[in-house]
Amino acid sequence: MKRYLILLTISFLLTACLFPPPPPPQTGSNSPTESLSPANDQSSQNQNQASPTPEAESESHSHDAPHTSDVDATHLEIGDGKYSTSPRVGYIFSCQTQFNGQGAAGNPTWLNGDGTWNALIKAVVDGSVSWPHSFTISIQNNQRVFTGNGLPDHTTGNYPISPSDDAYVYDRNPNSISEQNITLTLPATPTVAAQPSCMGGEVGIMLSGVVLFNAFDALGRDAQVHEVQDECDGHPQQAGVYHYHALSDCLADTQTGHSALMGYAFDGFGIYGYYDEDGTEITNADLDECHGHVGVIEWDGQSVEMYHYHATREFPYTVGCFKGTPSVRSIGGQGQNQQPQQGGQNQGGQGQQPPQEAINACVGLSQGASCSVGNMTGTCMTPPNTTQLACVPAGGPPP
Ligand SMILES: [Zn+2]
């Protein structure tokens, strides 16, 4: 029993899976559940956020193009181990390059045996639980401010996963979903940074109010393949944070032509749905090393050409690295403009003892064990130049 707990806990800690939930219609002002603040003070600079390499998807602007797909969801390449110490198309530029955790057990029947998996036959966690969702987005002083309780605007499966659920054979997620206290401040008009930044376990926030994690489980495996989620592609980690690793099917893409906005990465750039401007489904081949491109999008009620990410059915599903500068690294440790290191190993501080709460979180635990401080989850390790075992979040040490 305990083993499963540890397995799952760890796997959720590090999960950097990228599942961007489908974006609600992005008309800027009034989406049904969120108070998306209108363009307000943003109109001034929306134009210049475009990346230096515009491979614009801008030829035809056929906003009414129906969505079409050539992606074979029965044969998707498995993303196990596809992390990199530098930006790379189809990979995750991960701050963490050592994965000592453990993941969900079981031998998924949705593996094809040839390095691909079949998304159409994957197990789903049963249930239809409603939650007192709370989520608002507003713009204040050119910052986009998110507040919410982390509970989705859609139903979830029953967690912990019940032994009577067919999903239990593959994933015994013992965690329950719990209310969080989310306050995030991201740039409202993000700009492309000189260099992309590596990613921790958490990637952004979706318009359903749900946190987006990257595409990995604790073992550096493709979490979308090895972990089992509910109908809306979400599940809780050990601190009760309900999250996605890819685009949730419960975020409706209500637009023809270019997909609607689905959420925001922690650098402030938007994450859009599966489809390009001509209505065709996007693959990694259409995107850059961070899983985005420059094109015309709806942004705070205006049509502008700027950088944005796309969700894909291909690994890494949402964001591969931060094209801008992440202003937060997790829902638990935000607000410090912490700069990730560029090189990969990003798990240690620089010559300072870790905060006491991080040390306390690992009392009685061993190196590599999963841990949590408040809403933040991480791994117990000894940061460089320190002697204390401390809880280090997947995105790097807390500020
Ligand atoms: Zn696009």
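**Exercise 1. A hairpin and its surroundings**

Determine how many residues lie between strand 9 and strand 10 in their hairpin, and which residue in the turn has a positive phi.

*Solution.* 
Step 1. Four residues separate strand 9 from strand 10 in this hairpin. The structure is a predicted model.
Step 2. In the turn, Gly209 has a positive phi of about 85°.
Step 3. Strand 9 (residues 202-206) and strand 10 run antiparallel and are joined by three bridges. Across this pairing, Glu202 stands opposite Phe213.
Step 4. Strand 10 is also joined to strand 12 (residues 242-244), by two bridges, and here the two run parallel. In this pairing Val211 stands opposite His243.
Step 5. Strand 10 (residues 211-215) is mostly covered, since five of its five residues are buried.

As background, the strands of a sheet pair through backbone hydrogen bonds, either parallel or antiparallel.

**Exercise 2. The setting of a glycine**

Decide whether Gly127 is buried, partly exposed or exposed, and identify its contacts beyond its neighbours within four places in sequence.

*Solution.* 
Step 1. Gly127 belongs to the loop between strand 5 (116-117) and strand 6.
Step 2. Within 10 Å of Gly127 there are 15 other C-beta atoms. A buried residue requires 20 or more, and an exposed one has 12 or fewer. Gly127 is therefore partly exposed.
Step 3. With those sequence neighbours left aside, Gly127 is in contact with Thr156, Gly157, Asn158 and Asp230.
Step 4. Gly157 is 30 residues from Gly127 along the chain, and their C-alpha atoms are separated by 4.0 Å.

**Exercise 3. Nonpolar cores**

Identify which members of the largest nonpolar core touch the most other members.

*Solution.* 
Step 1. The largest nonpolar core has 71 residues.
Step 2. Met199, Met206, Met262, Ala265 and Ile271 touch the most other members of this core.
Step 3. Another core, of 11 residues, lies apart from it and includes Ala361, Val373, Cys380 and Val392.

Definitions and conventions
Residues are numbered from 1 along each chain as its sequence is written. This is a predicted model: local features need pLDDT of at least 70, side-chain atom pairs count only at pLDDT 80 or more; totals for chains, interfaces and linings use all residues. Two strands pair if DSSP finds at least two bridges between them. Two residues are in contact if their C-beta atoms, placed from the backbone, lie within 7 Å. A nonpolar core is a set of buried Ala, Val, Leu, Ile, Met, Phe, Trp, Tyr and Cys residues joined through C-beta atoms within 7 Å.
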